[in-house]
Amino acid sequence: MKTYAIRIHQPGGPEVMVWEEVEVAAPAAGQVLLRHTAVGLNFIDVYHRTGLYPAPLPFTPGLEGAGIIEAVGDGVTEFKPGDRVAYANPPLGAYAEVRLMPADRLVKLPDDIDDRKAAAMMLQGMTAQYLLRRTYPVQKGDTILIHAAAGGVGLLVCQWARHLGATVIGTVGSEEKAELARTHGCDHPILYKSEDFVARVREITNGEGVPVVYDSVGKDTFLKSLDCLRPLGMMVSFGQSSGKVEPLDTGLLAAKGSLFLTRPSLMAYTAKRSDLVDSANELFEVVQKGVVKVEVNQTYPLMEAPQAHRDLEGRKTTGSTLLLP
């Protein structure tokens with residue numbers, strides 16, 4: 001069948017994304033044909049577009065979406081046409097009206113979670129789940145630091161960590177974002193442009209430092225983040241919106257208190273189907289209970305993905321953003 005998708009023929013700026021007619025085959029064994037109702041926008045899409053994370057050219061970007069199954073291939077028994085499903089993992093190709101997906105990478109949506117909310121929360125929500133529950137299991141009484149606290153992952157981490165009994169410190173870029181983070185469970189928003197976040201973290205923790213820093217910013221915050229940690233603390237570098245972190249002399253980790261450093265990815269944490277399903281179900285549970293509220297603060301027609309990328313890179317977005325076919 002013929003449909004439309006965003007295609008990238010060479011790495012570059014938002015302008016390299018073009019809206020094109022494409023051909024989609026019938027689902028092969030183990031695949032489903034999925035018609036998207038909503039597609040998630042994430043910073044990893046920028047990394048693929050620019051070539052920071054190379055992908056074979058040409059390609060359709062996007063790792064997150066929700067929709068309705070239209071057909072299933074041989075051997076698919078867990079899903080049937082008409083099922084509402086969502087995903088947040090490879091293969092690339094979410095920026096499309098219709099696509100093929102491996103059935104074992106999909107999860108069925110509960111009746112009380114609509115498609116838009118699902119597409120807005122799968123990647124960011126399961127990222128928050130593994131950060132808080134597996135990479136460093138946050139305990140009641142912990143004080144944690146999350147950078148970009150008013151972003152998509154940040155707002156979810158603030159709410160979830162507060163529910164777990166943690167005190168949340170978060171860096172933000174403006175008073176407006178500080179208020180947004182505060183209303184979502186961030187106890188101590190820090191305006192990093194006008195405040196020394198290391199000094200403020202030390203002040204808030206009475207000089208002790210925090211047991212964990214969740215850092216998706218990268219180059220601009222990495223070294224200072226290490227200075228926020230207490231001895232034996234964990235540096236979780238899970239993104240690089242400001243650029244790649246410079247090569248590190250691991251002796252620095254010893255000098256700053258025998259620190260731990262990890263560079264996790266959602267794809268590794270959900271590689272096993274059982275882990276994928278468990279992560280999604282725990283996310284669905286906290287959303288259904290109202291512990292974590294997923295807010296779609298921006299929507300764009302799918303064909304206007306270039307403008308969505310400009311706004312995302314320009315730090316003009318907050319919370320979750322959707323592209324609508």
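**Chatting about β9 and its surroundings**

Student: In what sense do β9 and β10 pair, and over how many bridges?

Tutor: β9 pairs with strand β10 (residues 188-191) in the parallel sense, over four bridges. Two strands count as paired if DSSP finds at least two bridges between them. Helices (H or I, at least four residues) and strands (E, at least two) are DSSP runs, numbered from the N terminus. By the way, this is a predicted model, where local features need pLDDT of at least 70 and side-chain atom pairs count only at pLDDT 80 or more, while totals for chains, interfaces and linings use all residues. Residues are numbered from 1 along each chain as its sequence is written, and side-chain values use heavy atoms, with hydrogens and water left out.

Student: Okay, which residue in β10 is the bridge partner of Gly170?

Tutor: That's Pro189. To get from β9 to β10, the chain goes through helix α4 (residues 175-183), in a right-handed β-α-β crossover. Right-handed means that, with the strands pointing away from the viewer, the path from the first strand over the helix to the second runs clockwise.

Student: And how many bridges join β8 to β9?

Tutor: Four, and β8 (residues 143-146) runs parallel to β9. Leu145 stands opposite Ile169 there. The chain passes from β8 through helix α3 (residues 152-163) to β9, and that β-α-β crossover is right-handed.

Student: How many of the residues in β9 are buried?

Tutor: Five of the six, so β9 (residues 167-172) is mostly covered. Buried means under 20% relative accessible area, exposed over 50%, and partly exposed in between (1.4 Å probe, protein chains only).

Student: What about α3, how many of its residues are buried?

Tutor: Ten of the twelve, so α3 is largely enclosed by the rest of the structure. Among the buried ones are Leu155, Leu156 and Trp160.

Student: What covers them?

Tutor: The cover includes α2 (115-135), β8, β9, α4 and α9 (273-288).

Student: How far does α3 reach?

Tutor: From first C-alpha to last, 17 Å, close to the 16 Å expected at 1.5 Å a residue. That expected span is 1.5 Å times one less than the number of residues. After α3 comes Gly165, whose phi is positive, near 95 degrees.

Student: New topic: is Asp311 buried or exposed?

Tutor: Asp311 counts as buried, because its relative accessibility is 12%. Asp311 sits in helix α10 (residues 305-313).

Student: What is Asp311 in contact with?

Tutor: Leaving aside neighbours within four places in sequence, Asp311 is in contact (heavy atoms within 4.5 Å) with Tyr300, Lys316 and Thr317.
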